[in-house]
Amino acid sequence: MPSPLSRRNFLLTGATAGTALALTAFPARASHRPRGPFGRYGSPSDRLTPGTLYVHPGGAGDFTGVQDAVTAATGAGRTLVIAPGTYRGTVSVDADRTGMTWIGASEDPRDVVIVHDNAAGTPKPDGSGTYGTSGSATATVRPDGFTARWITFANDWLRTDLPGTSGTQAVALKVQGDRSAFTHCRFLGHQDTLYADSPSVDTFARQYFSHCYAEGDVDFVFGRATAVFERCHFRTLVRPDLTAAPYGFVFAPSTAGANPHGYLVTRSRISSEAPDGYYKLARPWVPSSDRTARPMLTVRETHLGAGIDAVAPYTDMSSGYPWQDQRFAEYRNTGPGAVVTVPENRPRLTPAEAASHTREAYLGDWRPRR
């Protein structure tokens, strides 16, 4: 295993055990695809559609940076075709860019990496304080109807870079829009990697993640969205700063109490590079801004590796909001982390109840591309 101090480099090249496993889900594309910086997606002189903008770090496209392309892509329904490269810096997409699509031109998410290294406790350059959790996000995506395919979103801030820093949340992607879909994408970070959220407590945002990979340690998939994770891979990491369990938690939903649907994980898998039993499956997040939240997570037909504590997979985040009062449930999971040893610690759905915990039930009239 590489030393913690070298984690930033390995995070992007895929040399750690966790990331190396993730690469098996994204085989190399067939060599018969057209050559060129944008593959089969044409070029600025031969555009995919009139609303397409091309991003290339070496200048072969319309823009060399993703944020510049987003800023120029006014109106609805614009497409960004992004050539292979590492794009360092934050990206913020305003809510009026509805129907926007980002495409990794090589059709391999390892090739297109959007990355930065802010944490919640990182001081802002203007001296006005720190970024906070939301402000730490490498990419913030607000519009409805957003789609991304074959993109890596990463936050490579390391606790070991600034030991003793408070505010170690470091978000790779914060997504808030309704009908947001991510296919064959990667989300790399440590704490709070993927923030699947909504614009406000009273706004329900549906999001869909298919054939994606997410890694982290503390609450690395969290927020109040109605989010379906189908055929995804979640990977828990080693914590060199800790010597005892738990190292962290995979999910931390903060579903609004009025929302009938929170997080659904289906036909997926959870693996770990940490010792057996060193991770909790979830803990409920009841934020100070919404004390009426009733976090909801259903994990069904998913392989839970040995890294998950099978005896007590859930725990509390804050006093006064026990996980037993929230909406956590499982159905027909497999693997060593799914073994039921203490039944009261593993709330399970009946077949009749499971019929209402499906992709179709959670997403309603929206049918995203899979």
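**Briefing: an aromatic cluster and the overall fold**

Phe229 and Tyr263 are both buried. In this predicted model, the two residues form an edge-to-face aromatic pair, with 5.7 Å from centre to centre and 80° between the planes. Phe229 belongs to strand β17 (residues 226–230) and Tyr263 to strand β20 (residues 263–266), so the pair ties together parts that are 34 residues apart in sequence.

**Aromatic pairs**

- Across the whole structure, 21 aromatic pairs are found.
- Phe229 also pairs with Phe234: the ring centres are 5.7 Å apart and the planes stand at 70°, so this pair is edge-to-face.
- Phe234 is buried, as is Phe229.
- Phe229, Phe234 and Tyr263 are members of one aromatic cluster, which also includes Trp102, Phe146, Phe153, Phe182, Phe187, Phe209 and Phe251.

**Overall fold**

- The protein contains 6 helices and 25 strands.
- Its radius of gyration is 20 Å, close to the 21 Å from the globule rule for 370 residues, so the protein is as compact as a globular protein of that length.
- Along the principal axes, the C-alpha atoms fill a box of roughly 60 × 45 × 45 Å.
- Of the contacts with a separation of 6 or more, 71% are between residues 24 or more positions apart.

- Buried residues make up 55% of the 370 in the protein.

How values were computed
Residues numbered from 1 in each chain as written. Predicted model: local features only at pLDDT ≥ 70, side-chain atom pairs only at ≥ 80, totals over all residues. Heavy atoms only, no water. Helix = DSSP H or I, 4+ residues; strand = E, 2+ residues; numbered from the N terminus. Rg over C-alpha atoms; globule rule 2.2 N^0.38 Å. Buried < 20%, exposed > 50% of the residue type's maximum accessible area, 1.4 Å probe, protein only. Contact = heavy atoms within 4.5 Å. Phe/Tyr/Trp six-rings, centres within 6.5 Å; stacked < 30°, edge-to-face > 60°.
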